[in-house]
Amino acid sequence: MAGRINDDDVKAVRDAVPIDAVVSEYLQLRNAGGGNLKGLCPFHDEKSPSFHVSPAKGLYHCFGCQEGGDTVDFIMKIDHLSFAETIERLASQAGITLRYEEGGYTPGRQQGERTRLVEAHKIAAQFYAEQLDGAEAEIARAFLAERGFDQSAAQHFGLGYSPAGWDHLTRFLRGRGFSDQELVLSGLSQEGRRGPIDRFRGRLMWPIRDIAGEVVGFGARKLREDDNGPKYLNTPETPLYRKSHVLYGIDLAKKEIAKTSRAVVVEGYTDVMACHLSGITTAIATCGTSFGEGHIKILRRLLMDHSGSEVVFTFDGDAAGQKAALRAFEDDQKFAAETSIAITPGGMDPCDLRLAKGDAAVADLVESRTPLFEFALRHVASRHNLDTTVGRAAALDEAAPIVARIKNSSIQHESAVQLAGMLGILDTQFVVRRVSQLARWARERGREGGPDQGRPQQRRGQAAPPEQARPAGPRGPALNLRSPARRVERELLKLALQRPDLVSPAFDAYGADEFTAPPYAVVRQCIEDAGGATAGAADPSYVPRVREAAPDDTVRAMVTELAVEPLLTRRDPDEAYAGVQLATVRIAAVDARIADLEGAARRSEAQGDHAGSAAMLQELWVLQQYGKTLRERGAAAL
């Protein structure tokens, strides 16, 4: 049985790895104000960023799907890891040596399955890279040289060579403590007649990394005529590697994609290399499959889906390339980014183009791109006889919906005019009206039957407020967020978690009965159990302690949400702002107590309990005076 990771080491790992650095490996984050960051949620599809990260608190929360937690929770969720695997990965990144209880640490026995498979791929990549320098790999080096790639290029992309023997890598990894079962499961080995043998033999190797930079698979290129296998052989589907969710080069390109808001999609490994070496460092490619839904999700999180972002596809000008381009256009609406196409001249791919005409030609190829919808329109027009009325009408019927799909209304109008000229239709306004009508019908259908039915439409780039963003499914305690009193209670709890220095020590004197929403009262109790806001004012472990004090996952999620949710002020919160929240919550509690006492006093009087009624009236008078003072002096009267 695997030993338990030492608690102090777990805490050291949590403290050592900033959450914004971890999350930024998977999506682009931008300033959300108040020291927080926001981006497109990686756990559900959305067009406006509602995923918030608080670096100061080490927490994240999505106001769309309600996912939230700390750095460990994020890695466990996004990479489907166990708790131990997550701690092991983060510890490795932070350079922390973990201690295991119940017998200590034994490599190969204590680590989780995914961690073991990642480690095997890391060692395999190093093994292949070392083999590239050997005599047997001369054919691989010659292949690279013929395509304009020198030793430094091979090192930059981590290229390697798999020896031609049956089990060189298998025996090497066995010697490093990996079992035959792990090697087959990883896809590095496959079952042979007498046990596992190497899957890749005598081939040029490209390590395929995920967005976090971990090697999860390999692409292997045939080099010899006597190799009866396919030209390119990729790692099979494994617990690590799913080709529909991997983009080659994404680890090298992600920062520049986020910075420039542009991604260039090419067709092969050598094309990615050629583009990067030519200065197009946003180039990525799929791994033996067509560009699809999983790849789109990866790019959308980096591009942030704002109107200025762009995805450029490069395809050969032959029939297969045109077919691929049209298939890419089918996914156009899944991007908020504009999509373009760059057709390589003479059927050359970017690698061939660089070899024939140099780095500048590759850069010029990307700059010569045209909108993908324009390419699709030309394709439609080429399939009809535009010399006849019937042909022009048929072309319009097919092309008008394409123009209606264009997101930018001004581009849509200009494209409708362009379409009329392309088809030879003299009545330009007829085409414009036709496109406008189709676009309007599409919007109406979306409002009536789409997932956002009945919800206010958000502007692009504007996060939906928490009240509107919550899905219809189970989401913990139901709250009337439209109640002004409860909104103020929520704001006060947010301050107690995010800026305890502004509300302490007054907040710690508040009772649970001063929070009218029962879940808020539970959160307030969690704060007390964690030592109170006063203790948390200078303690970085304060919010984690509050989360640990939560009685269940629902309350823990609410603590996370309140610790990350932006405050309802456009300026930096100060003592005056905090005082208003403190006073407003106290006034509401006093008013509620006054109403209760008035009713009780009337009942006592009616039952003839004059002494009891008199005592209540005395308390009532004190509370009324206190309430009056609170309204006049605010927080100064607390």
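**Aromatic pairs in a predicted model**

Ring pairs join Tyr-26, Phe-43, Phe-51, Tyr-60 and Phe-74 into a cluster.

Me: What sort of model is this?
Reply: It is a predicted model, where local features need pLDDT of at least 70 and side-chain atom pairs count only at pLDDT 80 or more, while totals for chains, interfaces and linings use all residues. Residues are numbered from 1 along each chain as its sequence is written, and side-chain values use heavy atoms, leaving out hydrogens and water.

Me: How many aromatic pairs does the structure hold?
Reply: There are 18. Rings of Phe, Tyr and Trp (its six-membered ring) pair if their centres lie within 6.5 Å; planes under 30 degrees apart are stacked, over 60 edge-to-face, and the rest tilted.

Me: How do Phe-43 and Tyr-60 pair?
Reply: They are tilted, 6.3 Å centre to centre with 45 degrees between the planes. Phe-43 is in the loop between strand 2 (36-39) and strand 3 (51-54) and Tyr-60 in strand 4 (residues 59-62), so the pair ties together parts 17 residues apart in sequence. Strands here are DSSP runs (E, at least two residues), numbered from the N terminus.

Me: Is Tyr-60 buried or exposed?
Reply: Buried, at 1% relative accessibility. Buried means under 20% relative accessible area, exposed over 50%, and partly exposed in between (1.4 Å probe, protein chains only).

Me: Switching topic, which charged end sits over the ring of Phe-43?
Reply: That of Lys-77, 5.7 Å from the ring centre. The cut-offs are NZ of Lys or CZ of Arg within 6 Å of the ring centre and within 35 degrees of the ring normal.

Me: And what lies over the face of Phe-143?
Reply: Arg-147, at 3.6 Å from the ring centre.

How values were computed. Helices (H or I, at least four residues) and strands (E, at least two) are DSSP runs, numbered from the N terminus.
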